[in-house]
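The model is predicted.

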Amino acid sequence: MPHVEIDDKSGFCFGVVTAIKKAEEELSKGGVLYCLGDIVHNNNEVERLRKKGLICIGHEEFARLHDVKVLLRAHGEPPQTYRIAEKNNIEIIDATCPVVLQLQRQIKETYNNIDPSVETIVIYGKRGHAEVNGLVGQTEGNAVVVEGEQDFSNIDPDKDIHLYSQTTKSVSGLNEIAGKLKARLNPGKTVKCHDTICRQVANRIPNIKEFARKHDTILFVCGEKSSNGKVLFEECRNINSSTLQISDLSAIPLSELKGKNSIGICGATSTPKWLMEEVAEFVKRELE
């Protein structure tokens with residue numbers, strides 16, 4: 001039987017842990033609790049909490065609700081969400097990650113103090129991602145979101161840039177974007193780069209690289225919607241080409257694991273520890 005090891009530094013970040021704890025505390029009181037969007041980008045954890053009574057809804061349904069409790073997940077929300085809640089007498093259980101909340105405040109303060117005729121706010125992140133939507137909302141929708149160079153055409157080269165980042169992006173990615181933006185601007189224009197990346201997330205990259213080197217094969221457990229998962233999976237695969245992404249037990253390719261001496265199991269900041277433990281037990285049982 002191969003040696004099977006779970007990466008002890010993988011699993012929920014503190015923002016997700018706090019959100020799930022708040023959800024479970026409210027659910028234990030009884031009554032109905034809604035969550036605006038999936039509480040975490042992992043279908044297995046969403047289903048576990050659904051069985052406890054958590055009802056995930058979208059923004060359209062949220063706008064139609066009145067006199068209920070709604071949990072806001074760690075990703076954060078734009079100001080419009082809070083205005084709707086106040087109007088409709090919705091009690092907000094706010095589980096916005098403190099790192100995200102601080103970033104929202106930074107962006108809002110910058111937006112309130114810039115001259116839009118000569119300055120612009122740029123956010124490096126995934127367009128449409130919940131956190132990014134909340135950040136853009138601090139600028140009344142006026143920030144420019146860039147995922148890569150293909151989006152630079154949306155930026156006026158004759159304006160100074162205040163560059164912020166989605167908290168789960170990589171430091172190297174942010175620095176690369178900053179450098180390329182500087183090269184594109186007209187003479188005399190500047191890029192002020194604000195490093196707003198969560199270090200608890202960023203520090204997982206060197207750790208997961210080291211973990212990937214230790215094993216013949218890596219099972220990377222994460223949901224398809226996880227942005228952080230995509231980043232960490234690629235970093236893992238760059239080190240160990242025998243890295244396989246799975247979402248749950250049904251996706252484990254046992255035939256590819258036979259004959260391996262060492263199997264590592266790791267995941268994203270949205271991957272529950274209990275799921276990685278289930279994967280480990282399954283692999284041990286099936287390959288013994």
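Two strands are taken as paired if DSSP finds at least two bridges between them. On that basis, the predicted model contains an open sheet of four strands in the order S1-S12-S10-S11, with parallel pairing. Strand S1 (3–6) and strand S11 (243–246) are at the edges and have a single partner strand each, so one side of each lacks a neighbour in the sheet. From one strand to the next, the twist averages 20°.

Strand S10 (residues 217–221) runs parallel to S11 and is joined to S11 by four bridges. Within this pair, Val221 of S10 lies opposite Ile246 in S11.

Helix H1 (residues 14–28) packs with helix H2 (residues 43–52) at an angle of about 15°, and their axes are 10 Å apart. Angles under 35 degrees count as roughly parallel, which makes H1 roughly parallel to H2. The crossing of the two helices, H1 and H2, is left-handed.

H1 contributes Ile20, Glu24 and Leu27 to the contact, and H2 contributes Glu45, Arg48, Leu49 and Lys52. Of the residues in this contact of H1 with H2, three are nonpolar and four are charged, with no polar ones.

Notes:
Residues are numbered from 1 along each chain as its sequence is written. This is a predicted model: local features need pLDDT of at least 70, side-chain atom pairs count only at pLDDT 80 or more; totals for chains, interfaces and linings use all residues. Side-chain values use heavy atoms; hydrogens and water are left out. Axes are lines fitted to C-alpha atoms, for helices over the stretch in contact, and angles run from 0 to 180 degrees between N-to-C directions. Angles under 35 degrees count as roughly parallel, over 145 as roughly antiparallel, 65 to 115 as roughly perpendicular and the rest as oblique. A crossing is left-handed if the near helix is turned anticlockwise from the far one by less than a right angle, and right-handed if clockwise. Contact means heavy atoms within 4.5 Å. Ala, Val, Leu, Ile, Met, Phe, Trp, Tyr, Cys and Pro count as nonpolar, Asp, Glu, Lys and Arg as charged, and the others, Gly among them, as polar.
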